[in-house]
Amino acid sequence: MKIGELSRRTGVNAHQLRYYEAHGLLEADRGTNGYREYDETALLRVKQIRHLLAAGLSSEDIAYLLPCAVGEKPELIGCPELLAAMRERLGRLDEQLAKLARSRDALADYIVVAERVGGETYPPFDGAAA
């Protein structure tokens, strides 16, 4: 099938499909006319990629994991290298969540203080200083 049909059948636009191919996530043969041609396995591969992207994995992570992917969802066969890569990614996500939580707490503290102090202690805004 050509890229347009793969796009239609998966709901993923052709630009994204070319991106997947460029990053080694999806393979296409070239016809004599130079057009990309995908076999039926590309449908499953695109669905796997979409599920893994939704899990927060990067293209690089997915390229590493895809050989261990089975089924549409997909299930991943747990070899030690695969588990190490997923644990590393999970650790990075935990760090990002902790950083966001600290930022949120700091902002909430600023709001509490600002509400307590009130606006009457600040000079009124007249627009002339701007």
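1. A residue is called buried when its relative accessible area is under 20%, exposed when that value is over 50%, and partly exposed in between. The structure discussed in this note is a predicted model. With a relative accessibility of 3%, Tyr20 falls under the 20% limit and therefore counts as buried.

2. The model holds 1 aromatic pair. That pair is formed by Tyr19 and Tyr20, whose ring centres are 6.4 Å apart. The planes of the two rings stand at 70° to each other, an edge-to-face arrangement.

3. Ser7 belongs to helix 1, which covers residues 3-10. The relative accessible area of Ser7 is 16%, which means that Ser7 is buried. When residues up to four places away in sequence are left out, Ser7 is in contact with Val12, Asn13, Ala14 and Leu17.

4. Leu107 is found in helix 5, which covers residues 80-117. Its relative accessible area is 53%; because this is over 50%, Leu107 counts as exposed.

Methods
Residues numbered from 1 in each chain as written. Predicted model: local features only at pLDDT ≥ 70, side-chain atom pairs only at ≥ 80, totals over all residues. Heavy atoms only, no water. Phe/Tyr/Trp six-rings, centres within 6.5 Å; stacked < 30°, edge-to-face > 60°. Buried < 20%, exposed > 50% of the residue type's maximum accessible area, 1.4 Å probe, protein only. Helix = DSSP H or I, 4+ residues; strand = E, 2+ residues; numbered from the N terminus. Contact = heavy atoms within 4.5 Å.
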